[in-house]
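Colleague: I would like to learn how to read contacts, domains and helices in a model of this kind. Could we go through them one at a time?

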Amino acid sequence: MADTKSLSERRQAYWRDNIRIMAWLMAVWFIVSYGCGIFLVEPLNKISLGGYKLGFWMAQQGSIYVFVILIFVYVRLMNQLDEKHGFAEAETTPSTSSDTEPNSKEDA
Amino acid sequence: MDVKTWTYLIVGITFAAYIGIAIWSRAKSTNEFYVAGGGVSPIANGMATAADWMSAASFISMAGLIAFSGYGGSVFLMGWTGGYVLLALLLAPYLRKYGKFTVPEFIGERFYSKTARVVAVACLIIISVTYVIGQMKGVGVAFSRFLETDYNTGLFIGMGIVFFYAVLGGMKGITYTQIVQYVVLIFAYTVPAVFISLQLTGNPIPQLGLGGELADGTPLLAKLDQVVKDLGFGEYTTSSMGSKLNMFAYTLSLMIGPAGLPHVIIRFFTVPKVSDARLSAGWALVFIAILYTTAPAVAAMARLNLSETIQTGKIGSAEGNLEYEQRPEWFQNWEKTGLLGFEDKNGDNRIQYYNDQNEAFAAKAAEYGWKGNEMTQVDKDIIVLANPEIAKLPGWVIALVVAGGLAAALSTAAGLLLAISSAISHDLLKGILKPEISEKDELNASRVAMVGAIILAGYFGLNPPDFAAGTVAIAFGLAASSIFPVLMLGIFSKRMNRQGAIAGMIAGLGITLLYVFQHKGIMFIPGTSFLGSMDENWFFGITPNAFGAVGAIVNFAVAFAVSSNTEAPPEEAVELVERIRTPGD
């Protein structure tokens with residue numbers, strides 16, 4: 001963990017990268033659902049995918065598959081980002097005590 | 001064995017499992033009661049979240065809605081899965097990092113305001129109670145239809161079961177019960193779908209069967225398009241739900257509303273780490289997607305089966321329609337409930353089911369001697385329940401569907417009850433009225449609050465308000481226009497202050513309520529009594545439902561306008577935002 005930068009600088013850099021990742025993923029989210037499933041459904045319906053029309057398939061099947069993939073991509077990218085900026089969480093055993101403030105310890 | 005025996009057997013076994021788990025996982029601390037000790041694994045939490053997310057509405061009503069709206073029904077599919085993406089990316093990891101018990105607690109601390117916390121508690125209780133009523137009603141109706149008891153007995157059994165495992169086990173009990181309930185409900189949903197897909201297309205995977213071919217080589221969807229078009233209905237794969245703008249607003253509202261539902265949000269407080277919260281969201285969507293990608297297949301196949309059952313031969317030929325005396329047993333059973341209705345308008349003792357609102361086709365129908373659509377009542381909510389019977393599947397499959405519907409209703413009800421009880425005991429009692437309360441007393445208070453919530457929900461379940469259909473739209477509108485925006489602003493804007501948040505919540509809430517009340521006439525449709533009376537308005541009252549998105553935008557706009565004209569939030573609030581934005585420090 002590089003401690004040369006201050007916590008607040010690392011936080012800012014982390015947040016910038018985080019926003020960029022989110023913006024890309026939300027763009028895909030928008031394109032597959034609103035784009036392919038609603039606004040472009042007629043042109044896409046001219047293409048067939050097996051017994052499906054593509055636009056109809058995107059609206060009732062495809063967009064959902066993409067959503068699932070999106071979240072797992074997000075998990076992967078964010079875990080890498082945590083590592084990169086030194087924010088990865090320590091492996092903890094789940095607490096069984098009634099510890100009400102699991103995150104109360106502040107970074108020194 | 002007959003269907004009734006199977007139903008007793010399967011429902012009995014599943015309920016015994018739920019109660020057994022409750023005893024085994026009894027909560028001992030407030031931490032275990034509210035957030036299951038924060039030690040649930042991501043996959044287990046994913047399953048529990050899926051069970052929370054998918055209520056009786058998803059299980060029982062959605063496929064029926066899609067069956068009768070075709071492509072237009074996609075708004076439900078995209079809305080209720082895409083909303084999950086919003087939750088996973090915009091809220092879940094940050095609220096987990098915050099690391100306390102409830103949604104109002106976060107709102108109160110982030111906006112350094114007890115008023116904000118109380119407003120959040122009020123929204124949360126209205127949203128959750130409305131939802132619980134719908135679920136309890138579903139439980140009552142499902143029992144009374146299939147166990148042949150009266151509605152009240154069915155409801156009392158349901159209340160008793162929820163009481164037992166939710167009050168005793170808290171979040172810990174609910175989580176483990178919900179995992180079992182998820183397994184029951186997904187099994188119950190997919191088994192009939194697999195059978196029907198095999199029957200029609202020879203492909204056991206419904207998602208592929210929907211795009212597959214029938215025995216005669218025509219693609220299933222092409223055949224369905226043809227069949228419904230020939231009877232004057234809109235083409236299945238292209239008939240839209242209003243304009244593109246309406247499809248857009250409707251989908252957006254269905255995404256934002258559920259993403260603001262408190263019982264789903266608190267699920268992310270139960271995993272050990274922020275990275276687990278992200279992963280858990282991924283697993284939850286996998287488990288949700290299994291049902292949501294099966295639903296369109298169920299819908300299309302049920303519509304085809306229904307149509308072919310009634311229109312047995314060539315349209316317009318004298319022998320082309322089913323004789324009323326020959327109608328199958330499921331038809332008779334559902335007629336008794338009043339959810340399926342037939343009236344022999346032209347006195348030929350045969351059933352004509354077509355779209356008499358389509359003028360061109362109605363003219364043609366008149367030439368055949370048809371005098372209007374004779375299926376005077378086809379309740380969309382019966383599709384999933386009647387589906388196995390329509391497809392002539394064995395009794396145990398029908399019983400399984402009943403158990404699945406009950407699992408869906410009970411799991412959501414339990415999650416909601418917990419959200420209500422924690423809002424009362426933790427936010428109102430400990431947070432505001434009596435901060436010095438001991439942990440043991442708080443735990444007892446939350447159990448009492450939960451009992452109160454169950455009794456209240458039961459009371460409304462027994463005496464369903466006429467406006468039940470309307471209140472759900474209000475609940476969705478509230479979640480979309482108050483909780484979701486205020487949480488997002490709390491995380492993504494450091495500048496957002498107390499004044500902005502409160503003004504935003506009240507403005508979003510106010511305009512949504514005003515709008516819904518204006519549409520009372522459209523919304524409060526009487527006589528939608530079976531399981532999905534709550535859903536009826538999602539289908540008819542498009543405008544009030546789609547309004548949640550507008551309410552959210554108003555909330556955002558007002559919040560920004562007010563906060564930029566008032567003083568910046570204090571240092572602690574900014575520090576809180578910085579802390580929740582990064583994991584592991």
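**Reading the contacts and the fold**

Modeller: This is a predicted model, and we can begin with the contact between the chains, to which chain A gives 50 residues and chain B gives 52 residues. On the side of chain A that touches chain B, the elements that give two or more residues are helix 1 (7–39), strand 2 (52–53) and helix 3 (54–84) of chain A.

Colleague: Which element of chain A gives the largest share of the side that touches chain B, and how many residues of that side are nonpolar, polar or charged?

Modeller: Helix 3 of chain A gives the largest share, with 16 residues. By class, the side of chain A that touches chain B has 28 nonpolar, 15 polar and seven charged residues.

Colleague: Turning to chain B, what does the domain assignment give?

Modeller: The assignment gives domain 1 of chain B as 3–304 + 390–467, and domain 2 of chain B as 306–387. The C-alpha centres of these two domains lie 33 Å apart, and 23 residues of domain 1 of chain B are in contact with 21 residues of domain 2 of chain B.

Colleague: Which elements of domain 1 of chain B give two or more residues to the side that touches domain 2 of chain B?

Modeller: They are helix 4 (56–69), helix 10 (220–230) and helix 13 (274–310) of chain B, and the largest share, eight residues, comes from helix 4 of chain B. By class, that side of domain 1 of chain B has 17 nonpolar, three polar and three charged residues.

Colleague: How many residues of helix 4 of chain B are buried, and where does that helix bend?

Modeller: Helix 4 of chain B is mostly covered, with 14 of its 14 residues buried, and it bends by about 40 degrees at M62(B). At 1.5 Å a residue, the 14 residues of helix 4 of chain B should span 20 Å, which agrees with the 19 Å between its end C-alpha atoms. After helix 4 of chain B comes G70(B), whose phi is positive, near 60 degrees.

Colleague: Why can chain B be called as compact as a globular protein of its length?

Modeller: Chain B, which has 24 helices and two strands, has a radius of gyration of 24 Å, close to the 25 Å that the globule rule gives for 585 residues, so it is as compact as a globular protein of that length. Of the 585 residues of chain B, 63% count as buried. Among the contacts in chain B with a separation of 6 or more, 81% are between residues 24 or more positions apart.

Note on methods: Residues are numbered from 1 along each chain as its sequence is written. Chains are lettered from A and ligands numbered from 1 in the order in which they are written. This is a predicted model: local features need pLDDT of at least 70, side-chain atom pairs count only at pLDDT 80 or more; totals for chains, interfaces and linings use all residues. Two residues are in contact if their C-beta atoms, placed from the backbone, lie within 7 Å. Helices (H or I, at least four residues) and strands (E, at least two) are DSSP runs, numbered from the N terminus. Ala, Val, Leu, Ile, Met, Phe, Trp, Tyr, Cys and Pro count as nonpolar, Asp, Glu, Lys and Arg as charged, and the others, Gly among them, as polar. Domain bounds come from an automatic or database domain assignment. The expected span of a helix is 1.5 Å times one less than its number of residues. The bend at a residue is the angle between axes fitted to the seven residues ending there and the seven starting there. A residue is buried if 20 or more other C-beta atoms lie within 10 Å of its own, exposed if 12 or fewer, and partly exposed in between; C-beta atoms are placed from the backbone. The radius of gyration is taken over C-alpha atoms; the globule rule is 2.2 Å times the number of residues to the power 0.38.
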